[in-house]
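Here are my notes for your read-through. Keep the structure open beside you and check each point as you go.

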Amino acid sequence: MTAEQRALIQKGVDDLRAAQESLRTGSNSFAVTQAYRAMMNGAEALLLENGLHYSSHADVISAFSREWVK
């Protein structure tokens with residue numbers, strides 16, 4: 001795992017923690033946003049495993065589907 005992948009995974013973990021805290025405080029829409037960010041960070045880290053890097057969320061989603069969901 002590269003340093004960039006580790007950083008993305010850590011950001012995802014931090015986003016999930018923020019989402020959980022937001023749920024506890026009743027900020028449901030913020031929790032959803034943070035959970036989405038966590039998933040995007042995880043998807044980006046997986047794509048980097050294949051040497052793929054994208055700058056837009058749409059590209060990440062498309063590539064994740066193509067490379068990992070199939």
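1. Start with the largest nonpolar core. It has 5 residues in all: Met-40, Ala-43, Leu-47, Val-60 and Ala-63. Keep in mind that this is a predicted model. Two elements give two or more residues to this core: helix 2 (28–49) and helix 3 (57–69). Helix 2 supplies the largest share, 3 residues. As background, nonpolar side chains tend to be buried together in soluble globular proteins.

2. Next, look at Val-60, one of the core residues. Set aside residues up to four places away in sequence. Val-60 then touches Met-40, Ala-43, Glu-44, Leu-47 and Tyr-54.

3. Now see how helix 2 and helix 3 meet. Their axes come within 10 Å and cross at roughly 55 degrees. The two helices are therefore oblique to each other. The crossing is left-handed. On the helix 2 side, the contact uses Tyr-36, Met-40, Ala-43, Glu-44, Leu-46, Leu-47 and Glu-49. Helix 3 brings His-57, Val-60, Ile-61, Ala-63, Phe-64, Glu-67 and Trp-68. By class, this contact has 10 nonpolar, 1 polar and 3 charged residues.

4. Turn to the other pair. Helix 1 (residues 3–24) packs against helix 2 at an angle of about 165 degrees, and their axes are 8 Å apart.

5. Helix 1 contributes residues including Glu-4, Leu-8, Ile-9, Asp-15 and Leu-23. From helix 2 come, among them, Phe-30, Gln-34, Arg-37, Ala-38 and Asn-41. The contact of helix 1 with helix 2 divides into 12 nonpolar, 6 polar and 6 charged residues.

6. Is Asp-15 buried or exposed? Asp-15 lies in helix 1. Its relative accessible area is 7%. Buried means under 20%, so Asp-15 is buried. Leave aside its neighbours within four places in sequence, and Asp-15 is in contact with Gln-34, Arg-37, Ala-38 and Asn-41.

7. Finish with Ile-9, also placed in helix 1. Ile-9 has 37% relative accessibility and counts as partly exposed. Between Ile-9 and Met-39 there are two separations to note. In sequence they are 30 residues apart. In space they are 9.5 Å apart, C-alpha to C-alpha.

Conventions:
Residues numbered from 1 in each chain as written. Predicted model: local features only at pLDDT ≥ 70, side-chain atom pairs only at ≥ 80, totals over all residues. Heavy atoms only, no water. Core = buried A, V, L, I, M, F, W, Y, C linked by side-chain atoms within 4.5 Å. Buried < 20%, exposed > 50% of the residue type's maximum accessible area, 1.4 Å probe, protein only. Helix = DSSP H or I, 4+ residues; strand = E, 2+ residues; numbered from the N terminus. Contact = heavy atoms within 4.5 Å. Axes fitted to C-alpha atoms, helices over the stretch in contact; angles between N-to-C directions. Nonpolar A, V, L, I, M, F, W, Y, C, P; charged D, E, K, R; others polar. Parallel < 35°, antiparallel > 145°, perpendicular 65-115°, else oblique. Left-handed = near helix turned anticlockwise from the far one by under 90°.
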